[in-house]
Amino acid sequence: MLFSSIPFLYYFLPAVLLLYFLSPKKLRNTTLFLSSLVFYAWGEPIYVFLMLGTIACGYFFALGIEKYRKNAASRVLLILSVTVSLSSLLYFKYADFFISNINAATGLSIPLLGIALPIGISFYTFQILSYTVDVYRGDVPAQRNPINLAAYITMFPQLIAGPIVRYIDVEHSLSDRTSSSEDFAYGARRLILGLSKKILIANQLGELVKIFHASQDKSVAFFWMYAIAFTLHVYFDFSGYSDMAIGLGRIFGFKFMENFNYPFISKSISEFWRRWHISLGSWFRDYVYIPLGGNRVKKGRFIFNILVVWCLTGFWHGAEWTFAVWGLYFAVLLLAEKLFLGRYIDKNRIVAHLYVFLFVLISFVIFDAKTLPDALSYIGAMFGAGEYPLANAEFFYYLRSYAPLFVIAIVGATPALKHFIGKTQLGRRLTLLEAPVLCILLILITAYLVDGSFNPFLYFRF
């Protein structure tokens, strides 16, 4: 079930809210858990059992890890827990990738399994992993109530596309939380703003990306417009989903971490990744990078640690070599900044912003490409390789058509509007119009949804 759908907004969500707030406080986690199962089963009825089995394993392993924490059995149980969780992820997400590469390398013809990827498996697997690791470290006690743990992992606001919510951050809220009218209002506002990002901006930019791919009359300028459109499409699609998840969580009394913090205003790639998909970056930092030794090791080991983390980050996004190269691309940039480049880009703010803009655009061309040759071809075309004209009539037609949307998207991707509203007298007066503006946005969103266009979230495939 999609957040950006009529069934969710006008049937499922109102019914869940009614049941949830009518339920006694002790049964609210049960209501949330059962509602989340319905939400997931709407599109993945078979894989509900896979998710429940994974949760059950995490529950019992964590109890055992805590019980035997003072001896070697605890470490054995942790290894088993990690193995079980990762085995499921590797099988469903990467089995065909490994088979196809073995076939290509050896000339064999091992048949592909053709396994469908369970929605959200990357997200809930990482949540279970972080939970059992935190129990092993002694950062949190094992959860005795299986319903509370299941409610945390299956919670529909963040189940299928994040952000990656850690147990340690919601442990207290699972057993003792309140849902105030202020929280409800804040959550509804974030939900509508997230829907607006997705439906009114991301989907429209996605249409331009489709037009570009189908075009037989490309130009250098059109390649650049495509790169900008796709980059903004990814940002508004995923940050929009994160806004919706954070808003829905707040309605139910949970405070999820922010997942995006205006990444396009960054002055370095390091800063960009502190602002982009924050929950994923912090997860790899705390559960992979730091355990490997982080930066408190010799230079050679530090370089190895960065390469490992970013190769894994790339592969987390998908079982394709383009994603691995995308991750390693950022590893090289981050290493360059740490070792020598940082001291130069820090000297000139304009140069720093242009540097981030250029390399982030290139990264998302790689991210979108079907194959590595396609990525190299597109990047080459952006810089004049090939027989493409500098610009043509098709480029100017779509530039005129999409110029207002680009302006809205670019302004919306920066804190300019937020600063205007918060720091100017006119902006503060405009906040009085917030309620009617949100209502208008909801009407527009509904009109787009009634139109019936399919609008899956980009991160569902991860």
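Which residues touch the most other members of the largest nonpolar core?

## The core

They are Phe8, Tyr124, Phe126, Phe156 and Ile269, out of 143 residues in the largest nonpolar core. A nonpolar core here is a set of buried Ala, Val, Leu, Ile, Met, Phe, Trp, Tyr and Cys residues joined through side-chain atoms within 4.5 Å; buried means under 20% relative accessible area with a 1.4 Å probe, protein chains only. The helix α9 gives this core its largest share, 19 residues. Helices are DSSP runs (H or I, at least four residues), numbered from the N terminus.

Tyr124 is in contact (heavy atoms within 4.5 Å) with Tyr40, Leu50, Met51, Thr54, Ile119, Ile153 and Leu159, leaving aside neighbours within four places in sequence.

## About the model

This is a predicted model, in which local features need pLDDT of at least 70 and side-chain atom pairs pLDDT 80 or more, while totals for chains, interfaces and linings use all residues. Residues are numbered from 1 along each chain as its sequence is written, and side-chain values use heavy atoms, without hydrogens and water.

## Two loop residues

Let's turn to the backbone. Most residues other than glycine have a negative phi. Tyr262, in the loop between α9 and α10 (269–275), has a positive phi near 45°. His277 also has a positive phi, about 45°, and lies in the loop between α10 and α11 (278–289). Where does His277 stand, buried or exposed? His277 is buried, with a relative accessible area of 0%.

Definitions and conventions. Buried < 20%, exposed > 50% of the residue type's maximum accessible area, 1.4 Å probe, protein only.
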